[in-house]
Amino acid sequence: MASAGPRPRTAFDAVIFDMDGVLTKTARVHANAWKELFDDVLRRRAERESEPFRPFDAGRDYLAYVDGKPREDGVRSFLRSRGIEVPEGGPDDPDDAETVRAFAKRKDRLFRRHLEAEGVDVFGSTVALIEALRAADVAVGIVTSSRNGRDILARTGTDVLFDARIDGIDAAERGLRGKPDPDAFLACAAGLGVTAARSIVVEDAAAGIAAARKGGFGLAVGVDRGSNRAALELQGAHVVVGDLGELDVAALDREFTAEQERRTWRIEQEGFDPAKEHGVESLFTVGNGYLGVRGGLDTPLALSQGDLRIAGVYDRRQPPRPYSGSGAAADTGGEDADYSDFVSFPFPFRVQVSVEETPLSLQQEEWRTHRRVLEMKDAVLHAETTYECEPGLVVRTRSRRCASLDDLHLLLQEVIVQLDNSPAVVEVDGSLTEPDLALQHPHLVAHSSGDADPAIEVQRFTTRASGIETCIAQRFTLAGSGEDRTRWRVSAGIGEMLTFRRYVAVFTSRDVAAVESAAVEAVRGQSWDGFEAALEAHAARWQQVWARADIAVAGRPGAQQALRFLGYHLSIAADRDPRVSVGARTLSGSGYQGHVFWDVEMFMLPFYVHSAPDVARCLLQYRHHTLDGARRRAQALGQRGACYAWESTTTGDDVTPRVAAVTGSGAAIPLFTGTQQIHVTADVAYAIWRYWEATRDEEFMRGPGAEILAETARFWAGRVAADAGTYHIRDVMGPDEYHHGVNDNAYTNWMARFNLEQAAATSDWLRARHPQAWEALTARIGLEEGEPGEWSAIARRLYVPSPNEDGIIEQFAGFFGLEEYPLKQEQQLEEPLNRLFDLEKINGMKLLKQADVLMLPFLFPQSFERRILAANYAYYEPLTDHRSSLSPGVHAALAARLGLKEEAQRYWEQSLMLDLSDTMSNSALGVHPASMGATWQALVFHVLGVHFIDGRPLVEPGAPDRLPDGWRSVVLELLWRGRAHRVEVAT
Amino acid sequence: MSAFDPIVVPLDGSGAAAKGLRCAAWLAERLSATLHLVRAGRPPVPPHEALRRLHVPENLWARVLLHQSDHFPEQAVLEVANRCGAGLIVMSARGRSAEDQDGEALLLGHVTAAVVEGAIVPVLILPSTYRERLPWTTALAPISGEAQADAALTVAVRLGHELDLTLTVVHVMCPAERGKGGLAAEARYADALHHEYTCRLGELVERALSHCDRHDAECIREVLLRRGDVATALLDVIEERQPSLVVVGWHARFTAQRAQTLKALLERVSCPLLLVRAEPPPPFELKVGEALE
């Protein structure tokens with residue numbers, strides 16, 4: 001029955017109790033019945049087979065194999081543990097038949113006999129807790145696998161305590177799977193009208209705790225009536241008590257709330273589907289901005305993409321794999337071909353565990369359970385897997401790994417192997433040698449190591465064209481052995497934990513001249529005693545990150561978790577290397593070949609500016625570091641100054657393809673983004689202004705900032721075309737990539753004007769305030785005295801489309817006259833590749849890929865009065881098919897500003913969940929950091945309406961009303977001009 | 001040992017069935033697989049007599065295992081396949097039962113239809129327009145992003161590896177097929193199309209290969225992207241490439257409105273079609289978003 005009563009006075013809505021052993025004192029009765037049954041079965045078998053009789057252990061065997069499970073499952077589970085197979089049989093099997101069904105029937109008869117003889121009682125403390133919960137308006141349910149459940153509840157008079165009940169008969173009638181599957185608990189929750197996430201399960205059986213965890217229940221409380229604590233904890237019990245008298249409603253509330261908070265720091269995967277593995281690898285990337293390692297399994301699948309990527313390591317494109325589908329011939333056409341493709345390195349966490357010569361792998365059928373958890377708070381990826389190698393041989397592996405934030409060159413990993421129920425020989429191979437280097441990592445040429453230390457495994461590579469040297473060195477040990485080696489063979493006993501640990505160090509010739517000695521010394525310098533300390537140092541760094549980057553949301557744990565996921569991935573995407581920026585898919589994937597677009601400057605930078613300004617500074621210094629590339633590009637375009645490439649890597653030269661030849665399609669499609677999306681040049685200037693506004697970092701502005709502004713302004717000064725006293729910018733592509741070769745794109749012209757104005761203002765400031773720096777700049781770039789004045793003059797006369805009589809800004813000259821494109825629902829879903837094929841057709845239509853004009857109020861909210869914003873949103877939003885992952889975030893921001901709450905929330909949640917929901921199934925290529933940045937900006941600057949006045953952030957008065965449904969409050973810190981400011985908004 | 005061993009071949013003495021036997025015999029030799037012949041629906045006769053009636057060449061007699069059953073043929077074939085742990089069933093689209101029909105022959109005989117619907121292992125169908133071209137050298141596998149197409153590619157790759165075939169993979173983007181997992185469904189966002197589609201198509205293939213060994217996948221020589229109606233586009237590619245074999249995933253239902261593409265292929269192609277059905281996906285849950293609420 002659905003709960004229709006008042007809202008509970010707790011953070012949770014319901015508690016679901018197991019019966020046997022939690023409510024009723026029937027566990028012993030069950031155990032005795034099982035023992036009588038199995039001892040008879042085992043004795044007969046021993047006599048028949050002339051084997052020694054090993055009786056059923058009513059303690060250990062009961063807890064491990066039958067407790068909490070439906071009878072038939074219990075029979076199968078225990079007999080399998082003894083290597084015994086019997087037929088399933090049927091309902092009419094005679095009593096003495098050796099079948100699962102006959103054994104189960106016998107056990108039931110024995111249980112009833114014991115029950116009659118011994119009677120049944122309840123735990124008073126459990127009843128007291130249930131009554132207290134009911135008094136607090138918490139719904140209460142009960143679940144038992146027992147077909148006698150309803151009889152026992154009636155016999156004990158406790159049936160009236162429960163709002164919903166699922167017993168063995170209900171389960172059979174409804175086809176619910178038994179524990180450890182969560183079906184019965186979920187059915188009970190549904191019967192109570194509550195969600196699993198807001199409910200608590202109380203269980204004494206390990207299988208029941210496993211079911212609660214699989215079902216996603218908010219809290220799993222284990223009741224250990226004796227010697228079962230370890231098993232309950234192993235299955236994931238959040239709390240274990242000896243008796244429910246130890247808990248009251250308030251304590252449950254505290255535990256639930258604490259666990260709910262912990263869950264929002266976690267991304268958890270339960271089960272395993274190889275078809276989803278590449279996407280999961282992206283989500284579970286560990287990194288530190290210097291490097292990133294995708295979240296491949298410890299024993300990777302054959303086609304795993306669990307690669308290591310190092311910021312700034314690029315090489316010439318290699319021929320694609322025949323089966324990769326990436327046969328699209330892309331003409332990079334740039335001078336930078338040696339640095340055009342992001343290099344992947346072998347997976348540095350590879351381990352192969354074998355038990356009794358059976359290699360354990362999730363690709364085989366031996367695995368039973370698998371769970372991976374990314375703990376975002378301390379940036380550690382955990383994995384737990386259970387294998388059943390052969391009947392009765394259960395093996396558990398647990399691992400944790402991280403990319404140290406304390407030492408950016410260091411990776412740490414721990415793998416624990418434990419045998420559940422049988423001694424065996426365990427072999428562990430921790431070698432990092434990639435068996436298919438040429439196929440998997442075609443950019444790399446391997447070299448032999450010069451180091452002869454057998455305790456250290458060394459891998460040395462050089463990229464084929466760019467010639468970057470890399471060394472990966474590791475030490476691998478069995479804890480307590482006092483010895484380092486990569487291959488181990490150990491005889492392990494039941495329950496013995498074999499703990500293997502690994503240090504990996506990574507250095508490239510971009511970091512040091514002698515890569516091998518640097519990597520070798522880095523691992524040699526680590527002590528195994530210091531392993532935990534190294535993890536703690538890493539965690540401490542992350543604590544510092546989160547102190548600035550966290551956004552705390554009360555009321556919507558799903559949104560809270562996703563915001564932390566966003567903060568995690570943006571934080572591992574960048575560090576403090578001024579030579580590199582963040583590629584379109586970060587270090588988490590191969591997508592976009594690691595190329596750098598406008599994403600950092602326009603979407604991600606504010607996150608860094610307000611949480612880690614030193615990182616933001618380095619990201620802008622990348623643009624200074626690559627200024628020569630931008631100068632070369634301007635020169636190639638016949639202009640002075642600097643024109644940034646639409647896609648660039650470490651030199652700044654243009655690596656944008658000119659043609660896309662989609663494999664097997666026969667189509668060679670010209671690409672205009674590289675030659676026409678010149679707005680990226682002004683976008684860089686905008687980012688510099690934004691950083692300057694937030695930090696007043698004069699050192700940066702005097703040097704790199706002023707130089708970039710001047711050189712980009714020079715480019716615009718030459719790129720504009722004068723016509724009757726007005727300047728125009730022609731033959732461009734705006735952010736909306738469905739229209740190429742357009743004139744006077746509103747976004748491009750606005751941004752160019754802004755670039756020119758800021759360059760002129762900065763020149764004036766520099767000349768007045770820092771004359772030496774001004775002189776140095778003019779000398780360095782040959783800046784002439786009159787140039788800043790010329791920039792101002794051009795800015796004043798640069799045509800920037802104004803709102804028409806309806807308040808609408810024309811996206812580019814002639815847009816209003818284009819063919820109408822009525823965007824029907826089904827067309828919105830049409831595959832965008834057709835847009836690529838139909839490039840010219842789309843070019844003549846009013847169809848937008850993403851926000852173009854609307855980017856302006858997104859970036860300059862104070863410059864647009866509400867009427868103009870509303871008119872442009874109403875006009876352009878319906879014309880947009882949102883094919884860019886950036887589009888939902890921008891539209892969410894503006895919808896929020898306009899008070900379109902439902903629309904704002906829909907777009908914002910699309911943007912927020914882009915990777916976690918993987919609705920477009922392309923997170924396998926890496927996560928979408930720019931979308932994350934857009935999501936962050938939409939929340940901070942538009943939903944909350946944060947703006948800075950008098951040296952501190954202010955929130956717009958309407959912010960509480962704009963908070964998404966269910967949010968009670970949001971709290972964050974923003975850095976502004978050297979100080980951290982707390983921002984809090986509550987409904 | 002081959003993943004396709006043993007091979008089950010139902011025979012009814014018809015010419016179409018004999019073609020199936022020749023194909024199966026070639027496969028058995030190349031795969032070192034055992035051939036299980038099924039004669040059903042008729043009273044059992046002495047083995048040699050049965051083999052003679054089924055037109056099994058004498059040179060094969062020593063290499064085959066004969067099963068005779070008076071059950072319905074489809075039931076007998078599935079029973080034998082289950083009992084012997086078959087890796088593959090080979091049969092013609094139309095045996096006598098279909099050819100005996102008055103008027104227009106059925107696309108699939110009812111026995112074949114029942115076997116392909118009931119079999120859990122791949123079934124190799126020789127369509128009514130089958131033209132024998134042994135040995136096989138090439139294969140073609142369409143991918144759609146759906147689980148059964150992924151399963152088909154897995155089988156195609158394994159078979160391709162074992163038989164040394166070169167494999168062409170083709171994906172047809174069709175707006176009508178959106179929502180089924182292919183590029184049409186996946187392409188909700190495409191920030192830079194030229195990057196996105198090469199990668200996505202590759203990922204579509206690699207995801208389908210998630211059960212395969214890396215070296216098995218080396219038999220894939222090309223991946224094609226086509227647009228338009230799926231059946232038409234596939235028939236065009238088959239006409240262009242003339243593969244020895246087409247490997248197709250399907251939903252295992254031949255009812256009126258289903259398997260339209262497969263029906264079109266059965267009607268038009270002259271090479272064998274290997275039909276593969278998907279197993280249910282393994283349990284997997286990512287506990288994010290609403291799962292926390």
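Begin with chain A and its contacts, a contact being two residues whose C-beta atoms, placed from the backbone, lie within 7 Å. Among contacts in chain A between residues at least 6 apart in sequence, 67% join residues at least 24 apart. The model is predicted: local features need pLDDT of at least 70 and side-chain atom pairs count only at pLDDT 80 or more, while totals for chains, interfaces and linings use all residues. Residues are numbered from 1 along each chain as its sequence is written, and chains are lettered from A and ligands numbered from 1 in the order in which they are written.

Keep the whole of chain A selected. Its C-alpha trace spans about 105 × 70 × 55 Å along the principal axes. Colour it by secondary structure to display 34 helices and 34 strands; helices (H or I, at least four residues) and strands (E, at least two) are DSSP runs, numbered from the N terminus. The radius of gyration of chain A is 32 Å, close to the 30 Å that the globule rule gives for 987 residues, so chain A is as compact as a globular protein of that length. This radius is taken over C-alpha atoms, and the rule is 2.2 Å times the number of residues to the power 0.38. Buried residues (20 or more other C-beta atoms within 10 Å of the residue's own, with C-beta atoms placed from the backbone) make up 57% of chain A.

Next, select residues 199-203 of chain A, strand β4, in which five of five residues are buried. Ser199(A), Val201(A) and Glu203(A) point one way, and Ile200(A) and Val202(A) the other. Two strands pair if DSSP finds at least two bridges between them.

Move on to the open sheet β15-β14-β20-β24 of chain A, whose four strands pair in the antiparallel sense. β15 (358-359) and β24 (487-492) stand at the edges, each with a single partner strand, so one side of each is left without a neighbour in the sheet. Select β14 (residues 352-355), joined to β15(A) by two bridges, and locate Val355(A) with its bridge partner Thr358(A).

Finally, select chain B, which has eleven helices and eleven strands. Of its 293 residues, 56% are buried.

Technical notes
Buried ≥ 20, exposed ≤ 12 C-beta atoms within 10 Å, placed from the backbone.
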